[in-house]
Amino acid sequence: MQALPDFKNITTFIFDVDGVLTDGTLLCFSTGEQARAFNIKDGYAIRHALKKGYRVAIISGRNEPGVRKRLESLDVKDIYLGSENKLDTFQNYVYYYGIDPETVVFMGDDMPDLEVMQHCGISACPADAAIDICDISQYVATAEGGKGAVRELIEMVMKLQKRW
């Protein structure tokens with residue numbers, strides 16, 4: 001069993017989409033639309049965290065209108081899709097809002113997330129993340145991406161802060 005990181009100062013959650021909020025499966029239709037499945041429990045946890053005053057942001061390399069609509073339906077305001085350099089997006093985000101990077105937990109699952117994970121307070125990943133990402137993560141969820149990993153992380157942080 002892994003030792004838990006010190007979540008007491010976390011105020012901000014940042015998530016990747018594919019492989020974190022989804023299981024990474026893309027359903028491609030003849031129209032060109034690409035569909036993904038999101039976990040409803042992850043969505044509940046995101047909305048709950050926002051209602052309790054936490055910041056929630058999304059940084060993803062892909063840009064799909066359906067993903068944006070899903071995130072907006074959860075009341076997420078800080079949505080950065082189509083990010084070509086996730087570290088630049090992260091640094092601009094924390095600068096714009098005056099957030100101490102040490103108060104941020106970032107959950108990613110693959111190599112495009114690596115640099116951000118090295119610059120935030122706590123790095124986390126789903127159970128089925130790429131090996132290199134698991135190796136550098138301070139918290140590896142027991143749940144897989146798209147199957148409750150986001151809910152697990154949010155709930156753990158909020159419970160440890162007695163805010164769940």
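Lys86 has a relative accessibility of 7% and therefore counts as buried. In this predicted model, Lys86 belongs to helix H3, and its side chain makes a polar contact of 3.0 Å with the side chain of Asp16. Beyond its neighbours within four places in sequence, Lys86 also touches other residues, among them Ile59, Ser60, Gly61 and Val116.

Lys86 is one of the residues that an unreviewed UniProt entry marks with the feature "binding site", together with Asp18, Arg47, Arg62 and Arg70. These positions span 69 residues of sequence and are spread in space as well, with up to 23.3 Å between C-alpha atoms. Of these residues, Arg70 is included in the lining of the largest cavity.

Asp18 sits in the loop between strand S1 (12-15) and strand S2 (27-28). At 15% relative accessibility, Asp18 counts as buried. Its side chain is joined to that of Arg36 by a polar contact of 2.6 Å.

Tyr93 is buried at 2% relative accessibility, whereas Tyr97, at 29%, is partly exposed.

The aromatic pairs number seven. Among them, Phe13 and Phe15 have ring centres 6.1 Å apart and planes at 5°, so this pair is stacked. Phe13 and Phe15 are both buried.

Note on methods:
Residues are numbered from 1 along each chain as its sequence is written. This is a predicted model: local features need pLDDT of at least 70, side-chain atom pairs count only at pLDDT 80 or more; totals for chains, interfaces and linings use all residues. Side-chain values use heavy atoms; hydrogens and water are left out. Rings of Phe, Tyr and Trp (its six-membered ring) pair if their centres lie within 6.5 Å; planes under 30 degrees apart count as stacked, over 60 as edge-to-face and the rest as tilted. Buried means under 20% relative accessible area, exposed over 50%, partly exposed in between (1.4 Å probe, protein chains only). UniProt positions are given in the numbering used here, feature names are shortened, and annotations may be inferred rather than shown by experiment. On a 1 Å grid over the protein atoms alone, a cavity is a set of points where a 1.4 Å probe fits but cannot get out, and a pocket is an open set with protein on both sides within 12 Å along at least five of seven lines; lining residues have an atom within 4 Å of a point. Helices (H or I, at least four residues) and strands (E, at least two) are DSSP runs, numbered from the N terminus. A polar contact is a pair of N or O atoms within 3.5 Å; within protein, one must be able to donate a hydrogen and the other to accept it, and residues adjacent in sequence count only if both atoms are side-chain atoms. Contact means heavy atoms within 4.5 Å.
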